[in-house]
Each structure stands twice: as C-alpha cells, then as structure tokens.
Amino acid sequence: MADGSDPEGFRKRVDEIVDKADKTTDPEVRAAMIADVSAICKEGVAVVKALEEKLQNTKVSGCCGSKADPDVTKELDLVEITKGKANRLLMKLKHEADPTLEQKENRRSRMSTI
C-alpha cells in the first residue's frame, strides 16, 4: 500500500527485495530490480509521512503534559532505518547498471553549486 498505512508490510517488502538482490548475481536481473526498488523507496516516503502525521495527532498524556506516543515514535524510527536500507540498495543497483553514474552525479552537483 502506497498510502503509508502499512509500515510493517513496507519493512517486510524491503527485507524481501534486499534478500533477493543479495542472492542474485545476474547483472541483467539486478538492473531490472531498479524499478521495483525505486517504487519501494517512494512507498517509504509515503509511510514516513503517514507516521509523522500520526505522531502529530497522537499524544500521550503524562505527568509533565502531553508527549509523542512512544510506540509511533519507535515505528517511525524502524521505518526510517528500513527506508535507508532501500535507498542504499537502489544506489548500489544504479551504480552497477551504470558505473559512471557517481561521476555524473558529482559533476551535476558541482554545476549546481556554481
């Protein structure tokens, strides 16, 4: 679900695609995985956004006033870590598909700072 309502499912899908990438050595198959991993990364953004909204709307009353729900905070942290794992895999797959990609990105970032 891309609406961000299933953080546990998102983490499971990332783990599955990372396992699949680890077991696959065929460069063509790994290059074909870029689209899937990219979609998962976009889903991760939606999940994080939904959890951040939930965090804003879910406050727990305590002795010192209300604070963020620790369960939602923990879930958000786990999703952020998983999203980072998916982003690293995406960059690795893109680099394998086009080894000059890093040079192109560096050149692009230098040009934008000029």
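In H1, the buried residues are Pro7, Gly9, Phe10, Arg11, Val14, Ile17, Val18 and Ala21. Buried here means under 20% relative accessible area, with exposed over 50% and partly exposed in between (1.4 Å probe, protein chains only). The model is predicted: local features need pLDDT of at least 70, side-chain atom pairs count only at pLDDT 80 or more, and totals for chains, interfaces and linings use all residues. Residues are numbered from 1 along each chain as its sequence is written, and side-chain values use heavy atoms, with hydrogens and water left out.

**Exercise 1.** Work out which pattern the protein follows along the sequence.

*Solution.* 
- Start with the elements: helices (H or I, at least four residues) and strands (E, at least two) are DSSP runs, numbered from the N terminus.
- Read them in order and you get α-α-β-β-α-α.

**Exercise 2.** Check the reach of H1 against its expected span, then say what its buried residues pack against.

*Solution.* 
- Use the rule that the expected span is 1.5 Å times one less than the number of residues.
- H1 has 17 residues, so the rule gives 24 Å.
- From first C-alpha to last, H1 reaches 25 Å, close to that value.
- Now look at contacts (heavy atoms within 4.5 Å): the buried residues of H1 pack against H2 and H3.

**Exercise 3.** Find which residues touch the most other members of the largest nonpolar core.

*Solution.* 
- Sort the members by element: H1 (7-23), H2 (27-57) and H3 (70-97) each give two or more residues.
- H2 supplies the largest share, with nine residues.
- Zoom in on Val37: leaving out residues up to four places away in sequence, Val37 touches Ile17, Ala86, Leu89, Leu90 and Leu93.

**Exercise 4.** Count the salt bridges and see which helices the Glu75–Arg11 pair ties together.

*Solution.* 
- The general idea first: side chains of opposite charge can pair when their charged atoms come close.
- The cut-off is a side-chain nitrogen of Lys or Arg within 4 Å of a carboxyl oxygen of Asp or Glu.
- The count comes to four.
- One of them joins Glu75 and Arg11, at 2.2 Å from N to O.
- Glu75 sits in H3 and Arg11 in H1, so this pair ties together parts 64 residues apart in sequence.
- Glu75 is partly exposed at 21% relative accessible area, whereas Arg11 is buried at 18%.

**Exercise 5.** Give the share of buried residues in the protein.

*Solution.* 
- Of the 114 residues, 30% are buried.

Conventions: A nonpolar core is a set of buried Ala, Val, Leu, Ile, Met, Phe, Trp, Tyr and Cys residues joined through side-chain atoms within 4.5 Å.
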